[in-house]
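Please work through the structure shown here, starting with its overall division and moving on to its contacts and then to its backbone.

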Amino acid sequence: MRYLSRRKFIKLCSAGAAGLGLAQTPLPSVAAAFTAASRGKPVVLWLQGAACSGCTSSLMNSTYPQLKQLLQDIVEMRFHPQLVSTQLTLEALLQVAQEHRGRYILVLEGAIPTAKGGVYGLIHRTEQRTSSFLDVVQTLGQGAKFILAAGTCAAYGGIAAAQPNPGDCVGANNLLPADKVLNVPGCPPHPDWLIGSLAHVLMYGEMPERDDFGRARVFYEGVVHDNCPRRQYFDNSNFALVFGEPGCLLEVGCRGPMAFADCYNRQWNGGQNWCIRSGGPCLTCTHPNFPDGTTPVFKRMPNVSVLGITTTADTIGKVAAAATALGVGIHLVGSYLAGRIGTKVPVKGGENHG
Amino acid sequence: MVKVVINPLNRFRGSLQVEVDIAEGRVVEARCGGLSYRGFEEMLVGRDPWDSLMFAARICSEESVAHTLAAALALEKLAGYKAPPNGQVMRNLLLGTEFLRAHIGHFYLEALGDFVPQPGENYWEAMDILRLLGEMIALFGGRHPHGSAIVPGGVAEVVDSQKVINFEGRLHKVLLFIEKTYLPNLYALKVKYPQYLNIGRGCQNLLAAEGLVLEGKPGLFLAGRLRTSLEPKVDTAEITEDEKFAWFQEEEAHPEKEGAYSWIKAPRYDNQVYEVGSLARMMIKKHSKVTGLGLGAYSLLGRHLARGEEALLIGKEMLQWLTLLKPGEPGAKAVTLPDKGEGFALIEAPGGMLYHRIEVKRGLIQRYQIITPSTWNLSSRDSSNQLGPVEQALLGLTVPVGQEALEAARIVSSFAPCAGCAAHLITLDGPRVHPYKVEG
C-alpha cells in the first residue's frame, strides 16, 4: 500500500497554495488500494459523546474528497450517528466491533463524561441495564486499531470539560492508550485535518509524526499570528478597535499568537473564508486548554508582545500548562516566553482590555 | 402490555430515548427522555459576558448561528445598542441559511431513512447542498460551523459585492434544489403515506416568537400562541420550567433521582404544554400551504411539509435581503458593556423559539438562562402529569404488530428533535424565567 511515500504525502497535505486543501493528495487511490486488498475498505465506527455535532458538520463540509466519495469509496462507515442510515442498536454496534476487532478505526466526537460511572452521558437505559458512553468508549477503544479523537472535546475535554464540569468530561487520552490515539483538535476541526489524519493511518498503518499534544504535526505546526495576512498591520501597530475595521485584531481579542493551526493557508469551507479574514478574532480553538485557558474571548491578550518570539507548539503549550497550574493564566504565555513575567506581578486578565 | 424502547443510536442528534407502552395495539403511555447533560448555564457563571457568544455557539452546531445571535442580542439589550443595517441583514442571511441547512439536513439525514431503505441520488444531492449552505454561512460568518464574526454590535464581516455574488449564486442553487427536489420528495411522501396526515397530532398548542427581524419591519415570522384561537403575543413572564421528572433536584443535577427519566425539564407557558418549530411559525403566520392542510397540519407529515414550505419561503426572502446590503457601509459598531445589568433575547431558531437571558454583576456573568426549542418539544411530563408534545403525539397511536418502533420513531422524527440541544441545558434559578414582557 506504500504507493506514495509518507514524506510526499505529508508534503501534499500541507497545502502548498491557499485553499487547495487536500486536493493535491491522491486520496482516491487510498480507496483503490483498500479495494484491492483482501479485507475490503477499512471499517470506521464514529461515536458522539458530550458534543454539539460540529465535528460531523465540519466533515460534511469537506470539498475534497467530498462526503459521497469518502463514504462510498474510501471508508466503510459502519456506524455514525447521522451519516449512516441503517439504524443500529447498541448490541449490533458491539457485534460489528467484535467482528472487526483489531482492525477498525474508532472516531470519537465529543468529550467523555466520567462522573458517577458516566451517568451524565447515557446512550441506553432500561430497567435491566444502563449503558453509558463511557462504557462503550472503553469497550470499543480496546478493539480499535487506531482512535481518532475528532475535535477539541474528544482530544482534551474542550467545551464539554469547561469549569465547573459536573460530568467530569475528559478527552480520549485520559482513558485510552496514547499510542493508539491521534488527536485532531479544533472547535470544529477542519475537514482536511480530519480526513488527512485518517488517511495517514489508513495508508501507512501508523501514526503521522505527532507533537507533544498528540496532533499530526503537519496540520498544527504553524503559528496563526506568524502567518497571518493581517500581520503587516501588527508590525505597523495598526489595530482594529471596532469589528469590521482594517487592522490587526489583537485589540479585539485575537488569540492568533497562541494558536497553532494552518487556517491562514488552508482557509475554511472550500476556501470561502476563515475567522480572521472575516474580521472575527481567532479563538485558538485547537488549543489543549481551550476554552478555560484561552478566555476571556474578544479581550486583548494582556501584556503580550509576540515580536521576537520564536517557539513551537510544544513549548508554548507546556508553558501554558505550567502557567495555568500556577494560576498565572494562559494569556500571559507570550509574555512569559518573552521573559517579561516572573520578575514582577503580572497584570490580571480582564484588567487590561483594549 | 408490550413495552417498546426506541433507542436508535443513530439518525438522532444527541442521546434520546423514547419508551412507549402498548396495549391492544395502541400506545397507552409514552416517555421521552434526554440521556445526556453538559450544563452550559452552570459553565457560564463567573465568566466574562463576551464569553457567552463562544459558548452559546457550541451548544449545537446545527443552531450555532441562532445561539450566537441570541447571546449577542442579549448583550446588546444589556448595553442598549442595535446593530447597523448591514449587520442586521447579514445576521438574517446567516440565520436564514442556518434554517435551510437544518431543514434540508434533517429531512435527508434523519427522516428519509425511515421511508426509503438506501440513500439515493437525492440524498447525495442534498449533501452537496448542505456543503453549499456551509459555504454561505462562511461567506458572512467566517466559517461553518462556529465562526467568530457575529458579535454584539453587528457582524464583523465587511460587505463587498464579490461576497454578495458568491452568496447569491449559491442561494439560487439551493432554491432550485428546494423547488425541484426537496418539496417534490416531501409531496411524494404525502401521496404514498396519506395516513400520516392523521397521526402524531400532539398537543395542538403552538408557540412562536417574532423571527428573522429587520428593524422597522415586522419579522418574517410573527410572535404568537395558537390554541383554539390566535393570541398574537408572547409574554416570557408566563414561562415556567418544571423538573419533577427530570434529573434535577432543587435546580442541581441529580442523576440518581427516583422517578425521573430525563435530563430535559418541562418548560410550560401559562402552565400549558406548547409545541414550537416550523409548524408553529407557519400556522401563526397563516401560511396557506400549511393552514390549507386543516387538521392535517397537526400531524407527522404536517411538520415535514411545514419545514419544506418554510425553507422555500425563507430562501426567497433571502434574495430580497441580499438587495438591502450596502457594500462599503459598516456591519458593526463599537459596543461597551456595562458592569451590571440584565439582557435577554427571544428569537426563532430553526427548531423553534429560543430564549437567552444574561445577568451581569461586577463585569461577570452572574446568571445565564437558555431555553432551547427542543426543550419544549422533548419535554418530560410535569407536576400536573401533563405529557410533553412528543409524548402526547405518541399517545393513542395505533401501531401495527411488529412495526411498533418504526411507527413511533417516525412520529418522534417529525419534530426534528435535537436532544443535543435540549439535554445539555437546565435553568438554575427557580421556576420563573424573568419578569419582562415581550410584546409581539
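Into which domains is chain A divided? The model is a predicted one, and in it chain A consists of domain 1, covering 6-220, and domain 2, covering 222-354. Where these two parts meet, domain 1 of chain A contributes 22 residues to the contact and domain 2 of chain A contributes 19 residues. On the side of domain 1 of chain A that touches domain 2 of chain A, α7 (152-156) and α9 (217-220) of chain A each supply at least two residues. That side of domain 1 of chain A has ten nonpolar, nine polar and three charged residues.

The next contact is the one between the chains. Here 62 residues of chain B are in contact with 59 residues of chain A. On the side of chain B that touches chain A, the elements giving two or more residues are α1 (40-44), α2 (51-57), α4 (85-111) and α5 (121-141) of chain B. Of these, α5(B) gives the most, with nine residues. Sorted by class, the side of chain B that touches chain A has 28 nonpolar, 19 polar and 15 charged residues.

The backbone of chain A also deserves attention. Most residues other than glycine have a negative phi, and most peptide bonds are trans. Against that background, which residues does a cis peptide bond with an omega of about -10 degrees join? They are A:Tyr64 and A:Pro65, and A:Pro65 sits in the loop between α3 (54-60) and α4 (67-74) of chain A. Another cis peptide bond, with omega about 5 degrees, links A:Gln163 to A:Pro164.

Positive phi values come next. A:Ser53 is a residue other than glycine, yet its phi is positive, near 70 degrees. It is found in the loop between β1 (43-48) and α3 of chain A. Is A:Ser53 buried or exposed? A:Ser53 counts as buried because it has 24 C-beta neighbours inside 10 Å, and the cut-off for a buried residue is 20 or more.

A:Ser237 likewise is not a glycine and has a positive phi, of about 55 degrees. This serine, A:Ser237, lies in the loop between α10 (231-235) and α11 (263-266) of chain A. A:Ser237 has 8 other C-beta atoms within 10 Å and is therefore exposed, the limit for an exposed residue being 12 or fewer.

Technical notes
Residues are numbered from 1 along each chain as its sequence is written. Chains are lettered from A and ligands numbered from 1 in the order in which they are written. This is a predicted model: local features need pLDDT of at least 70, side-chain atom pairs count only at pLDDT 80 or more; totals for chains, interfaces and linings use all residues. Domain bounds come from an automatic or database domain assignment. Two residues are in contact if their C-beta atoms, placed from the backbone, lie within 7 Å. Helices (H or I, at least four residues) and strands (E, at least two) are DSSP runs, numbered from the N terminus. Ala, Val, Leu, Ile, Met, Phe, Trp, Tyr, Cys and Pro count as nonpolar, Asp, Glu, Lys and Arg as charged, and the others, Gly among them, as polar.
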